There are 2 protein chains.
Amino acid sequence: MTDQSFSRDTLEARLRQIGEERYHDKHPFHHRLHTGECTMDQVQAWVINRWYYQASIPMKDAAFMSRCTDPQLRRIWRSRIEDHDGGTAEGGGIRRWLKLAEAVGLDPDYVASGQGVMPATRFAVDAYVRFVRDAPLIAAMASSLTEMFAPAIHTRRIEGLLEHYDFATTETLAYFSQRLNEAPKDVNFTLHWVLDHALTRADQEAAIAALTFKTDVLWAQLDALWHGYVTGQAPPGAWQPGEGQLG
Amino acid sequence: MTDQSFSRDTLEARLRQIGEERYHDKHPFHHRLHTGECTMDQVQAWVINRWYYQASIPMKDAAFMSRCTDPQLRRIWRSRIEDHDGGTAEGGGIRRWLKLAEAVGLDPDYVASGQGVMPATRFAVDAYVRFVRDAPLIAAMASSLTEMFAPAIHTRRIEGLLEHYDFATTETLAYFSQRLNEAPKDVNFTLHWVLDHALTRADQEAAIAALTFKTDVLWAQLDALWHGYVTGQAPPGAWQPGEGQLG
C-alpha cells in the first residue's frame, strides 16, 4: 500500500457512496414505475428494453470468464451464469423475465427476439459486456458491484408493483425475489475480492471508475426509456405501443 | 441450399477428411511420445506446454458463450466449462492435468503458473481463443470439431504411455480416459449443429476453414515442442530441463 492509497474502509465507503449518488434507484423512471404512475405501455417498454440487459448478463459473465486466467475465480464466477441462464430444461433469471413479459401482456417470443429494443439500450449494454472483457481484472470485477445496491431497489420494486399494478403477483415478480437470494452471495465475494486486491491508489481509482461506469450503463438505459416512452419520442425501429402483444 | 453447396454427407466427409490429413495424431512428436521414445525431459516439456492449452480451453468456451446470443446454446455449451474447470472443491480436466504433471515429476504449482511455456505455444492457443470469440458463429463452433478425432488419439496415448513409461497408471492418465467419456457428447451435438446450419457453400467453406485452422493450432504447438526439446533449441525464457521439479 502506498501513502496515497485509501484504507480498506475508505475504499468500501467510496464504492458505497457511488450508489448513493448515482445508482438508478434515483432515476425518475423508477419513481414512476414504483409509484404506479407508469402506463402499461411504459411498463411494456421497460420490460422489452430491460430484456436486452438481462439477456446480456450471462454473456457479460462469460466475457469475464474468457479473460480470467485463475481457474478458481472462474469456478466461483460460473454460478452467475447458472443463475441467469438456468439449466437446459428450466430455471434461470432470463426465463423468469419472460414470465414477467407475459404477465404484462407481451408475447415472450417477441421480447426474446430483441426486436424493438432501442439502439441506446443496446449501446449501453454492449459497452458493459466489452468493458468486462477488456478492462483490467479489478475494474471488470468492480463493475458488477452495483449489486450492492440492488436488493433495496428490488424490494422497493416488488412492493410498489404489487401495490399498483394488476399484473404483479409473487409469481410474476419471481425474477426480483430470486435476485434477492442470489445477489448477496455474488456481491459479498466480489466486494471482498476488490477490497483485498485494489491496494494501490491507481487500482482503487480504477475500481471506483468502473463502478461509476456501470451506474452510467444503467442510468443511460432509463434516460432512453424516458425519452422514448414518457416524452414519447421513440427512435426509428423501436417498439411502438401495440406491437408484440400476447396473442 | 444453393446449387453449389455440399450435401450434408459431403460436408461431413470433408470435415472428417481434415482429420485424416492434418490432425496432430500424425505429428512426429506424438509418434515419439506414444512409442516410448521421448525422454522424461521431453515428456515434462510436453506436460508444461500443453498445460497452457488445457488451461485456456475453459476461457475459449467462455469466449464462445460471451458472443452467443442464443440462451439454449449457451446452456448446452456450459457443460464444457464444467468438464474442464470442475467445481470449486474438486473435479475437472485441468485438475486432472496437474495430477499428470505431478506423476511426471513436476511441481504442479510451477506448471499451473504457466511459467516456462513457450511463446509459440501461447501464440497458437491465444489465436484459438480469439478466433472463437470473434469468428462467425458456425466457424467458432466448427473449430471445436477436432474432438471428432480425439478419442482415437487418447486411446492410443493411454495404451502407449501405459506400455512405455513408469509414471503412467490408470490414475495418472485419468485426464485422457475422462475425455473419452466427455468428448462424444460435445462433438455429437456440435457436428449436428454445424451440419444443420452450414447450408450455403460460403458457410460450409467457413466451417471447413475453421476446422483446418484448429488443426494448425494443435500442430503448431507440437512443432514448437519438437524444435525446443527434440532439436534442443528452446527459446529464451522457456522451461529448461531440471526446472520446476517436484520438491
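Author: Here is a short tour, from the overall fold to a few single residues. This is a predicted model, in which local features need pLDDT of at least 70, side-chain atom pairs count only at pLDDT 80 or more, and totals for chains, interfaces and linings use all residues. Residues are numbered from 1 along each chain as its sequence is written, while chains are lettered from A and ligands numbered from 1 in the order in which they are written.

Reader: Ok, how many helices and strands does chain A have?

Author: Chain A has 11 helices and 0 strands. Helices (H or I, at least four residues) and strands (E, at least two) are DSSP runs, numbered from the N terminus.

Reader: And what's the radius of gyration of chain A?

Author: The radius of gyration of chain A is 18 Å, close to the 18 Å that the globule rule gives for 247 residues, so chain A is as compact as a globular protein of that length. That radius is taken over C-alpha atoms, and the rule is 2.2 Å times the number of residues to the power 0.38. Along its principal axes, the C-alpha trace of chain A spans about 60 × 40 × 35 Å.

Reader: What percentage of the residues of chain A count as buried?

Author: In chain A, 44% of the 247 residues count as buried. A residue is buried if 20 or more other C-beta atoms lie within 10 Å of its own, exposed if 12 or fewer, and partly exposed in between, with C-beta atoms placed from the backbone.

Reader: Switching topic: how is chain B related to chain A?

Author: A rotation of 180 degrees with 0.0 Å of shift along its axis superposes chain B on chain A, with an RMSD of 0.0 Å. That is the relation of a two-fold axis. In chain B, the C-alpha nearest the axis belongs to A62(B), 2.4 Å from it. The copies are superposed by least squares on the C-alpha atoms of residues with pLDDT of at least 70 in both.

Reader: Why do you say the copies meet through the same surface?

Author: Because 100% of the interface residues of chain B are also interface residues in chain A.

Reader: Back to α4(B): which of its residues are buried?

Author: The buried residues of α4(B) include W77(B), I81(B), R74(B) and D83(B). What covers the buried residues of α4(B) includes α3, α4 and α5 (93-103) of chain A, together with α3, α5 (93-103) and α10 (174-197) of chain B. After α4(B) comes G86(B), whose phi is positive, near 75 degrees.

Reader: Which residues touch the most other members of the largest nonpolar core?

Author: Of its 75 residues, I138(A), A142(A), V194(A), A207(A), A142(B), V194(B) and A207(B) touch the most other members. The largest share of this core, 6 residues, comes from helix α11 (residues 201-229) of chain A. A nonpolar core here is a set of buried Ala, Val, Leu, Ile, Met, Phe, Trp, Tyr and Cys residues joined through C-beta atoms within 7 Å. Not counting residues up to four places away in sequence, I138(A) touches V194(A), H197(A), A198(A), D203(A), A206(A) and A207(A).

Reader: I clicked on A45(B). Where does A45(B) lie?

Author: A45(B) lies in helix α3 of chain B. With 27 C-beta neighbours inside 10 Å, A45(B) counts as buried. Leaving aside neighbours within four places in sequence, A45(B) is in contact with L225(B), G228(B), Y229(B) and W239(B).

Reader: And I208(B), buried or partly exposed?

Author: I208(B) is partly exposed, with 19 other C-beta atoms within 10 Å. I208(B) lies in helix α11 of chain B. I208(B) and A142(B) are 66 residues apart in sequence and 7.5 Å apart in space, C-alpha to C-alpha.

Notes: Two residues are in contact if their C-beta atoms, placed from the backbone, lie within 7 Å.
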